[in-house]
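This report walks through one protein model for a reader who is new to structures. Look at the sequence and the fold first, then read on.

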Amino acid sequence: MANSTEVTALNAGIVTKSNYRGNVQAIPVSLATGTGAGTHTISGVLPQETRLIAASLFCSDPSSDSDSTTISVGHADDIDAVGSLAGTAAGEVAFPTTGSAAGSVDLGNKTLIVTTDAECTGSTISGYILIATNE
């Protein structure tokens, strides 16, 4: 029988709690993006070895006209590390998604942000992000 990547790592030696059976914490998100391009902070600096394990953020109509807009969720080094939404209609930024190869995203010592492009004419974003930590 084959093992998951996480169980294989556990069997090979000591694994931190954030990578296997860590303490799960929820980050609620409620944000009005305003108008135009911008960067919006949605967390404080996260603890060392924090892993994002799930996210579900619902976005209202991101553009009031026919121009497509992009809303990205991530951190300063990778603005769409969690995911992004492009278009003119409401939608969801979710992690993981179908076809996702990653079981988690490393967010240790990083701050979560939402980035909007110049076409964003105001969107409300609400939902949650689940992280696993060693705490």
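Is Lys110 buried, partly exposed or exposed? Lys110 is partly exposed, with a relative accessible area of 22%. Here buried means under 20% relative accessible area, exposed means over 50%, and partly exposed lies in between (1.4 Å probe, protein chains only).

The model is predicted, so local features need pLDDT of at least 70 and side-chain atom pairs count only at pLDDT 80 or more, while totals for chains, interfaces and linings use all residues. Residues are numbered from 1 along each chain as its sequence is written, and side-chain values use heavy atoms, with hydrogens and water left out.

## Overall layout

The protein has one helix and nine strands. Read from the N terminus, the order of elements is α-β-β-β-β-β-β-β-β-β. Helices (H or I, at least four residues) and strands (E, at least two) are DSSP runs, numbered from the N terminus. Along the principal axes, the C-alpha atoms fill a box of roughly 55 × 30 × 20 Å. Of the 135 residues in the protein, 36% are buried. A contact means heavy atoms within 4.5 Å. Among contacts between residues at least 6 apart in sequence, 78% join residues at least 24 apart.

## Salt bridges

A salt bridge is a side-chain nitrogen of Lys or Arg within 4 Å of a carboxyl oxygen of Asp or Glu. By this rule there are two salt bridges.

| Asp106 | Arg51 | 4.0 Å |

Asp106 is partly exposed, at 41% relative accessible area, whereas Arg51 is buried, at 17%.

The pair of Asp77 and Lys110 also links distant parts of the chain, 33 residues apart. Asp77 sits in the loop between β4 (69–75) and β5 (78–87), and Lys110 sits in the loop between β7 and β8 (113–116). Asp77 is exposed, with a relative accessible area of 66%.

## The nonpolar core

In soluble globular proteins, nonpolar side chains tend to be buried together. A nonpolar core is a set of buried Ala, Val, Leu, Ile, Met, Phe, Trp, Tyr and Cys residues joined through side-chain atoms within 4.5 Å. The largest such core here holds 23 residues, of which Ile42, Leu112, Ile125 and Ile129 touch the most other members. The elements that give two or more residues to this core are β1 (23–32), β3, β4, β5, β6 (91–95) and β9 (124–133). Strand β3 gives the most, with four residues.

Which residues does Ile125 touch, not counting residues up to four places away in sequence? Among them are Val29, Leu31, Leu57, Phe58, Ile71 and Val114.

Thr116 is found in strand β8 and is buried, with a relative accessible area of 4%. Leaving aside neighbours within four places in sequence, Thr116 is in contact with residues including Thr33, Gly38, His40 and Ile71.

Asn134 lies in the segment after β9 and is partly exposed, at 32% relative accessible area. Asn134 and Gly38 are 96 residues apart in sequence and 32 Å apart in space, C-alpha to C-alpha. Not counting residues up to four places away in sequence, Asn134 touches Thr16, Lys17, Ser18, Asn23, Gln48 and Glu49.

Glu49 lies in the loop between β2 (38–41) and β3. Glu49 is not a glycine, yet has a positive phi of about 65 degrees, and at 30% relative accessibility it counts as partly exposed. Asn109, in the loop between β7 and β8, likewise has a positive phi, near 60 degrees, in a residue other than glycine. Asn109 counts as exposed, at 53% relative accessibility.

Where is the cis peptide bond that has omega of about -10 degrees? This bond joins Phe95 and Pro96. Pro96 is placed in the loop between β6 and β7.
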